[in-house]
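I opened this model to look up a few local details and to note how far each of them can be read. The entries follow in the order in which I went through them.

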Amino acid sequence: MDGIQLQWALDPTRVDMAARMRAYLDRLLRSITVSGTGLPSDAHTGLTRAHVRTDSDVRTD
């Protein structure tokens, strides 16, 4: 994931880090569960932009 993060830092418009992380976690879960199931299809409904605090949200006055 460090390599993906570095690629994203260099060009965030070309690298969808969230999608790649989800794909990685899905593959990992499929490999370690007895049933071989991955992430649920609604697993992408976690944090949204409205819930994520950004630097622009911080007041400096």
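Which backbone nitrogen lies 2.7 Å from a polar atom of the side chain of D26? I found that it is the backbone nitrogen of L39, a polar contact in the sense of a pair of N or O atoms within 3.5 Å, where within protein one must be able to donate a hydrogen and the other to accept it, and residues adjacent in sequence count only if both atoms are side-chain atoms.

Before going further I noted that this is a predicted model, in which local features need pLDDT of at least 70 and side-chain atom pairs count only at pLDDT 80 or more, while totals for chains, interfaces and linings use all residues. I also noted that residues are numbered from 1 along each chain as its sequence is written, and that side-chain values use heavy atoms, with hydrogens and water left out.

Staying with D26, I placed it in helix α2 (helices are DSSP runs of H or I with at least four residues, strands runs of E with at least two, numbered from the N terminus). D26 counts as buried because its relative accessibility is 15%, the classes being buried under 20% relative accessible area, exposed over 50% and partly exposed in between, with a 1.4 Å probe and protein chains only. Leaving out residues up to four places away in sequence, D26 touches G38 and L39, contact meaning heavy atoms within 4.5 Å.

I then turned to D16, which lies in the loop between α1 (2-10) and α2 (17-32) and, at 47% relative accessibility, counts as partly exposed. Its side chain reaches the backbone nitrogen of A19 at 3.3 Å.

For the chain as a whole I recorded two helices and zero strands, and buried residues make up 8% of the 61 residues.

Last, I checked the confidence: pLDDT, the predictor's confidence in each residue from 0 to 100, averages 76 over the chain, and 69% of the residues score at least 70. Over residues 47-55 the pLDDT is below 50, and this stretch has four contacts in the model beyond near neighbours in sequence. Where pLDDT is low, the predicted coordinates should not be read in detail.
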